[in-house]
Amino acid sequence: MKIIKFDPILLRDAERILETAPFSAKEDIMSLLELFSKNAYIAYSLGTPVGIACSNVYEGKRRADFSVYVCPKYRRRGIGTALVSSVVEQAKKTGLNSLICDFEKNEELISFVSSLGFEKRYSSHFMTYYIESASIVSGFEKYDNSMFLQFVNAEADAFYPIRHRLGIEPERIQATENVRSFLSKAADKYFVYRIDGEIVAGGGVYNGEITDIFVSEKARGQGLGRKTVQRCIYEAYRSGERMVSLWVISENTPAVNLYRSLGFQPEKTHDFYTKQIL
């Protein structure tokens with residue numbers, strides 16, 4: 001067995017490995033390769049490409065996701081372990097705090113990641129909603145860059161209790177330049193609700209995915225979570241989308257119940273496992 005750092009000329013080998021992969025695993029790895037090809041590794045057995053791993057590790061990041069896949073006939077030979085070890089070593093060099101992976105419940109994968117020191121932290125539902133019609137919800141403003149710090153801090157405050165309880169790192173969502181850049185790019189798809197000039201609710205819909213829905217603790221019980229989701233659904237509908245999706249932490253019962261009441265249906269549930277690096 002040989003582990004080689006990925007190079008674009010090896011893309012065909014990566015594609016050969018992923019021919020046998022489930023759609024979700026293939027999608028995850030190809031998405032990571034597109035943006036983080038320098039973080040990928042390919043495993044070979046007697047010259048045949050048999051496994052691949054990739055992460056979104058980069059300098060200054062404290063937590064990173066990764067994905068690994070080994071062709072079925074080459075499993076239980078230490079190939080997956082060697083690939084993950086390569087990701088871990090790279091993570092250590094960047095000062096990363098932890099690695100995280102997620103997958104639908106699978107006893108083989110649970111055994112594998114547990115043997116490498118990963119521990120389950122939480123689960124998350126993937127839910128979808130088919131839009132037949134939608135009406136605009138009043139009272140919302142479009143996000144703009146001047147709102148950045150207030151928006152991120154309000155979201156961080158809203159999610160801190162559950163992130164702290166479940167040990168999700170970072171426990172407070174950070175106002176990083178990557179977050180600023182994304183919000184700037186997606187600004188016309190994000191919305192905020194203010195009371196007396198203070199942002200108390202917000203969220204967005206980007207490429208058909210509803211994300212970052214939050215309501216400040218002091219503004220809860222007024223239906224703002226429902227209205228924020230409905231505003232995002234309307235924006236997706238107006239843009240031509242007829243289906244939206246979202247991920248919601250399964251332990252966040254109020255949010256799960258809200259989405260169900262709006263008609264969202266669970267499609268799958270992923271378990272999230274983390275490993276402390278430093």
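This is a predicted model: local features need pLDDT of at least 70, side-chain atom pairs count only at pLDDT 80 or more; totals for chains, interfaces and linings use all residues.
Local features here need pLDDT of at least 70 and side-chain atom pairs count only at pLDDT 80 or more, while totals for chains, interfaces and linings use all residues. Residues are numbered from 1 along each chain as its sequence is written, and side-chain values use heavy atoms, with hydrogens and water left out.

User: At roughly what angle do the axes of helix α7 and helix α8 cross?
Analyst: Helices (H or I, at least four residues) and strands (E, at least two) are DSSP runs numbered from the N terminus, and axes are lines fitted to C-alpha atoms, for helices over the stretch in contact, with angles from 0 to 180 degrees between N-to-C directions. The axes of α7 (residues 224-238) and α8 (residues 253-262) come within 11 Å, and they cross at roughly 55°.

User: Which residue in β10 is the bridge partner of tyrosine 206?
Analyst: Two strands pair if DSSP finds at least two bridges between them, and five bridges join the antiparallel strands β9 (residues 198-206) and β10 (residues 209-215). The hairpin has two residues between the strands, and asparagine 207 takes a positive phi near 55°. For tyrosine 206, the bridge partner in β10 is glutamate 209.

User: Which residue has its backbone nitrogen reached by a side-chain oxygen of asparagine 106?
Analyst: This concerns the start of helix α4 (residues 107-115), a helix followed by glycine 117 with a positive phi near 95°. The side-chain oxygen of asparagine 106 comes to within 2.9 Å of the backbone nitrogen of glutamate 108.

Terms used. A polar contact is a pair of N or O atoms within 3.5 Å; within protein, one must be able to donate a hydrogen and the other to accept it, and residues adjacent in sequence count only if both atoms are side-chain atoms.
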